[in-house]
Amino acid sequence: MITLSNNPTLNPVPMPQDDDEDPRNGAVEANDHAHQSPLKKPRLTRPISEPDILQEFSHHQQGFARINNGSFGSCPRSVLSAQNTWHLRFLQQPDEFFFNSLRKGILESRAAVKALINADDVDDVSLVDNATTAAAIVLQQVGRQFADGSFRKNDAVIMFHCAFPAVKKSIGAYIGPAGGSVVEVRLPFPVRSDEEIIAEFKKGLERGKINGGRVRFAMIDHITSMPSVVLPVRELIRICREEGVDQVFVDGAHSIGSVPVDVKEIDADFYVSNLYKWFFAPPAVAFLHCKNSKGLVDLHHPVVSQEYGKGLALESSWVGNRDYTPQLVVPSILEFVNRFEGGIKGIMKRNHDGVVKMGTMLAESWGTMLGSPPEMCASMIMVGLPSRLCVTSDDDAMSLRTHLRVYHRIEVPTYYQALRNEDRDPKDKDGFITGYVRISRQIYNTDEDYHRLKNAINQILEDGKICSMLPVE
């Protein structure tokens, strides 16, 4: 039986010391004695073995090369067991659960997240369903500022063109009707350096000043979804501050458990990350950090409940009768990750090194290249597909993805990148590369998963097939 503490002041996260900086985010101050960071060397419980890992994920469908953790994440059996304990506690006595357990349990999880991300105040941390919900919370506030005249009609919101589709739709839904304009910055891809991204972002900020307007709000990905690249968020935010951008929202949907997240160093006004993608939570739960939340009186959960007006953290903790168990298992997740040498930081290094190794293996086998330098990826990396596959559209990319799932039992996202008639368009020995796979690496993956993908693509080429010829049913 897994026993969970209901003590909201308990900090379940150990506090070792480690001054190493990670170029993909930044280190925690070594002399910050008021903060205990779980990214430092954790206290080991019972160390985990490879057979233990296999057992923790034995509920995954057997026989599939599951190299798409980035889309839906994964949850180990021990955390699912803890979730089931919470489920039963509610079903056995709902009133006791609601009045005595729920709020305390959520507060304990929020306190654990506060320590994990180096936040100042637990009231700055809210638990919501996912990054899309967090974007709606913030964007409805931004939309009101356009509608009530706080922002002018020719002011703008800036984002990268490859922002997550649901977030782009939210910007369209909340900002456009209120009179704001949107500046889309094209992410250079394949990308060679942070400087390329920074240069394009600066151009976008200048476009936002046309007709006397200014950029009021920036939506910046920490790790873009497709194509997947780790962005230089701290530098982009610094530029926003210099240019007078009012608020910066970082969509770190893929970040927690994949790269270090220190919200003080990142210094965004809002930062969201899904706990179920790379931090082993069951779906669906994410944290939204709001800097100086006590001053944000106009920030509300879109579902209005009895907690309305008591601050976003409390509003988010009760939105009616629903399943709150994903928000309650954060302490159990920490128990799981602390079984690994180095804790979550060790897992991040293991996954990063593994995905770079396997991405390099695939690129060498196919005669292609990686979509970004290794230091610009986390636990996912883009790998160019051979030009002979003739990935010439989004439909071709989806056909290849479906074919790999149905005929080769491989789950991997595919991506089409149109040519831009520039020197940067990549080539292999047969032509221009316009197709990519996004491979993920999580602790349950083995090298064999990626060799299966390598062999499947090579077999398609040996058979003389191109994407438009592939069976998908």
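User: When do two strands count as paired, and how do you know that E9 and E14 do?
Analyst: Two strands pair if DSSP finds at least two bridges between them. In this predicted model, E9 and strand E14 (residues 435–440) have five bridges in the antiparallel sense, so they meet that cut-off of at least two. Within this pairing, Met382 sits opposite Arg438 in E14.

User: What makes E9 and E11 edge strands?
Analyst: The strand order is E9-E14-E11 in an open sheet of three strands, paired antiparallel. Strand E9 (380–384) and strand E11 (414–416) each have a single partner strand, so one side of each has no neighbour in the sheet.

User: Over to the helices: why are H14 and H16 called roughly parallel?
Analyst: Helix H14 (residues 343–366) packs against helix H16 (residues 447–462) at an angle of about 20 degrees. Angles under 35 degrees count as roughly parallel, and therefore H14 and H16 get that label. Their axes are 10 Å apart, and H14 passes H16 in a right-handed crossing.

User: Which residues make the contact between H14 and H16?
Analyst: With contact meaning heavy atoms within 4.5 Å, the H14 side has Lys357, Met358, Met361, Leu362, Ser365 and Trp366. They meet Asp447, Tyr450, His451, Leu453, Lys454, Ile457 and Asn458 in H16.

User: And how many residues of each class are in the contact of H14 with H16?
Analyst: Seven are nonpolar, three polar and three charged. Tyr counts as nonpolar by this scheme, and Tyr450 in H16 is one of the contact residues.

Key
Residues are numbered from 1 along each chain as its sequence is written. This is a predicted model: local features need pLDDT of at least 70, side-chain atom pairs count only at pLDDT 80 or more; totals for chains, interfaces and linings use all residues. Side-chain values use heavy atoms; hydrogens and water are left out. Helices (H or I, at least four residues) and strands (E, at least two) are DSSP runs, numbered from the N terminus. Axes are lines fitted to C-alpha atoms, for helices over the stretch in contact, and angles run from 0 to 180 degrees between N-to-C directions. Angles under 35 degrees count as roughly parallel, over 145 as roughly antiparallel, 65 to 115 as roughly perpendicular and the rest as oblique. A crossing is left-handed if the near helix is turned anticlockwise from the far one by less than a right angle, and right-handed if clockwise.
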